[in-house]
Amino acid sequence: MMPRSTSGGAQPRPLSHALLRAHVASMLVAVCCVGTALMVAGLLQLRGTVTRNLDLVARSMAFSAEAAVVFHDGQATRSEIDRIASTEDVESVVVTDAQGQVLAEWHKKKRDTASDALQWLSSSGLLNETVSVPVLSSGRRVGEIRARGTPDSMWGFLVTGCLWILVCIGASLAMTAYVTRRTFRLIMHPLRMLTEVTRRVRTVRAFGERVPQADIVELNELANDFNSLLGELELWEAGVQGENRALAHQAAHDSLTGLPNRMAFENRLRQTMQRAHADRHSFAVLFVDSNDFKSINDQFGHAAGDAVLVQVARRISGHLRASDMVARLGGDEFAILLDPVTDRESAQRVAESIRATMTQPMALEQGVTLTTSISVGAALYPHDASDMAALLRHADAAMYSDKADHRNAAVPACGQQAYSESILIHADSKKNA
């Protein structure tokens, strides 16, 4: 996913790049400022030294050329100047007499290696000085010497200073890289861990993740606070998941018996039918209905009826395999899914075993025991029906047919009252009394 652009349209930069640029920029500014300041200070100091040295050289030439100037001997004057100036850092010398007329001139030979920049600096007077020294004879001014210094020494100083600045910049870059690595270890690693944990929490809701401890106090406190928040979110998510599981269980299960309800049974039946169609195997659906439930409710109340339903559900579940399923459809109706079965006789045997277990008396509250009976109807897939609705109708019809057979067997000579009394109700002595 591309990062969101800022208001100006530019993409945001990583913090590591911003820190690196800040370190390098601050280092370069600091080194350049310090280097420039040192260069200017050194240059001014060197210029003062050169000026003093040039003044001494000019005074030496004035002393040596005194006699030649007094006699206006230009050749001798130039010879004296050349003898001294050629060994010193002097660019040119001009000697004038008392009237200001040029008596002699001397210029240093230009070297072919002089650059245009050096010539410009020399002519502009930035790197050289000019001093004027009077030529005295018996305390009387007989002339003047104007000497101009050469910028060679200052130019060498500038070149050397620039080289040292470059060396310092290189050393500073190396130190900056070292400091940056330490900064990344101390700052960026905890922040990256925080970012990774936050991303996992956001994408896969990994509330069990924790940010490791950091060496920096502020980042460590941030990690502790974030971990505390994750702990609270983890507890909240566990509570929400528990509530969701409870709601899902309530939506798919009967609140009285704890069995799956009609919706869960139909979903399971739909899946089983798809699998059976693909694998070409058979399964059976059984509908179970209590024959005596209304009479039990009328005589003993709804609490007793609920207790009977719970025991009926428990007894049915006890005769099923782990791959089978029993569900309460509503009232006293139950549905059983036998998956797989090989033939109809296998389903009938399960139905008969469930009928048989109902012959055992059920113990209710207040010492009441009773025995009830059930009606069972079975439908075999795909022999009886190949779609879910038809299969359920076939099982329901078979169950009502079995219920009719049960009534015909119980009522023929006794009428309805005799049939009601045919329910085997056994009360203890207190109940009979």
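**Terms and the values behind them**

Mentor: Let us begin with P340, which is placed in the loop between strand 7 (333-338) and helix 10 (344-357). Helices (H or I, at least four residues) and strands (E, at least two) are DSSP runs, numbered from the N terminus. The model is predicted, so local features need pLDDT of at least 70 and side-chain atom pairs count only at pLDDT 80 or more, while totals for chains, interfaces and linings use all residues. Residues are numbered from 1 along each chain as its sequence is written, and side-chain values use heavy atoms, with hydrogens and water left out.

Trainee: Why is H72 called partly exposed rather than buried or exposed?

Mentor: Buried means under 20% relative accessible area, exposed over 50%, and partly exposed in between (1.4 Å probe, protein chains only). The relative accessibility of H72 is 48%, so H72 counts as partly exposed. This residue has a positive phi of about 55 degrees although it is not a glycine, and it belongs to the loop between helix 2 (66-70) and helix 3 (74-85).

Trainee: What class does R205 fall into?

Mentor: R205 counts as partly exposed because its relative accessibility is 43%. R205 is found in the loop between helix 5 and helix 6, and its phi, near 55 degrees, is a positive value in a residue other than glycine.

Trainee: How do you know whether P190 is buried or exposed?

Mentor: P190 has a relative accessible area of 13%, and it is therefore buried. It lies in helix 5. Leaving aside neighbours within four places in sequence, P190 is in contact (heavy atoms within 4.5 Å) with R185, A214 and L219.

Trainee: What makes a space a cavity, and how many of 30 Å³ or more are found?

Mentor: On a 1 Å grid over the protein atoms alone, a cavity is a set of points where a 1.4 Å probe fits but cannot get out; lining residues have an atom within 4 Å of a point. The search of the whole structure finds 1 cavity of 30 Å³ or more. P190, L191, L194, V211, P212, A214, L219, L222 and A223 form the lining of the largest cavity. Helix 5 (152-204) and helix 6 (217-252) each supply at least two residues of that lining.

Trainee: Which residues make a nonpolar core, and how many has the largest?

Mentor: Such a core is a set of buried Ala, Val, Leu, Ile, Met, Phe, Trp, Tyr and Cys residues joined through side-chain atoms within 4.5 Å. The largest has 31 residues, and those with the most contacts inside it are L286, I316, F334, I336 and L338. Among the elements giving two or more residues to this core are strand 5 (283-290), helix 9 (302-317) and strand 7. Helix 9 gives the most, with 6 residues. A second, separate core of 23 residues includes A252, A276, L337 and M399.

Trainee: What does L286 contact, neighbours within four places in sequence aside?

Mentor: Its partners include F334, I336, L338, A347 and V376.

Conventions:
1 Å grid on protein atoms, 1.4 Å probe; cavity = no way out; pocket = protein on both sides within 12 Å on 5 of 7 lines; lining within 4 Å. Points joined across faces, edges and corners; volume = space filled by probe spheres on them.
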